[in-house]
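Hi,

Here is the model I said I would pass on. Have a look first, and my notes follow below.

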Amino acid sequence: MKSTGRIFLTGMLTVLPVLATVYLVVWLVTGAERFVGKQLMWLIPDEYYRTGMGLLLAITAIFAVGLLMHALLFRKLFGWAERLLLEIPLVRSVYGALRDLFGLFAGHEGDQALQVVSVTLPGTGMRALGFVTRRDFAGLPEGIGREGEIAVYLPMSYQIGGYTLFMPREQAVPVDMSREDAMKFILTAGLKSARGAG
């Protein structure tokens, strides 16, 4: 019975991540198709609409926006629209948080933003991996960060959340690991190796 249980558990642990990934991809694809497809049906007669046209339009629109963001005029218009969004109280909170979340790992790996560091927890020999989120506290209220300190974000494994620590910069030791690899390693509690092998 123990052997049968182990075999079943192994199968379940193998199948569940695959099913969860497939479900997420299908949910995103069908959601985009359904949402954009409804808008498209307002523009073209029903007899000309084919399944998949909404998704194709969504992909094309995203690609077009990516291209347009290289144009100075479009960037200025987008910046103006973004400032308007950030003036609306509830929208400001939601949009600002989502923008920051999606932008976390969009930067170039060579820059200093979100550098991967190892931090020794005070009073212990234990260390944690984190990301440097701020080196300068100018413009923030008094007392948030002191001279010579940095802000380090420590994500928690297997959940959305974490802690932001303010510490002397010399206590954060740089780690030669990409942000993506470090996040995988942290979120899987070290089960996923830095180079993607299990």
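A word on burial before anything else: I call a residue buried under 20% relative accessible area, exposed over 50% and partly exposed in between (1.4 Å probe, protein chains only). This is a predicted model, so local features need pLDDT of at least 70 and side-chain atom pairs count only at pLDDT 80 or more, while totals for chains, interfaces and linings use all residues. Residues are numbered from 1 along each chain as its sequence is written, and side-chain values use heavy atoms, with hydrogens and water left out.

Salt bridges next. The rule is a side-chain nitrogen of Lys or Arg within 4 Å of a carboxyl oxygen of Asp or Glu, and the count comes to two. In one, Glu 180 meets Lys 184 at 3.7 Å, N to O. Both sit in helix α5, four residues apart, or about one turn of the helix. (Helices are DSSP runs of H or I with at least four residues, strands are runs of E with at least two, and numbering starts from the N terminus.) Lys 184 is partly exposed because its relative accessibility is 33%. The other joins Arg 146 to Glu 149 at 3.5 Å, N to O. Here Arg 146 is exposed at 58%, whereas Glu 149 is buried at 10%.

Then there's α1. This helix has 42 residues and spans 61 Å from first C-alpha to last, close to the 62 Å expected (1.5 Å times one less than its number of residues). It bends by about 30° at Gly 37, taking the angle between axes fitted to the seven residues ending there and the seven starting there. Gly 37 is also buried, as are Glu 33, Val 36 and Leu 40 in α1.

On to the strands, which pair if DSSP finds at least two bridges between them. β1 (residues 116-120) has four of its five residues buried. With β2 (residues 127-134), β1 pairs antiparallel over five bridges, and Thr 120 stands opposite Arg 127. Six residues separate β1 and β2 in this hairpin, and Gly 123 in the turn has a positive phi of about 75°. β1 also runs antiparallel to β5 (residues 172-174), joined by three bridges, with Ser 118 opposite Val 173.

Ala 189, however, has a positive phi near 55°. You'll find Ala 189 in the segment after α5 (179-187), partly exposed at 49% relative accessible area.

Cheers
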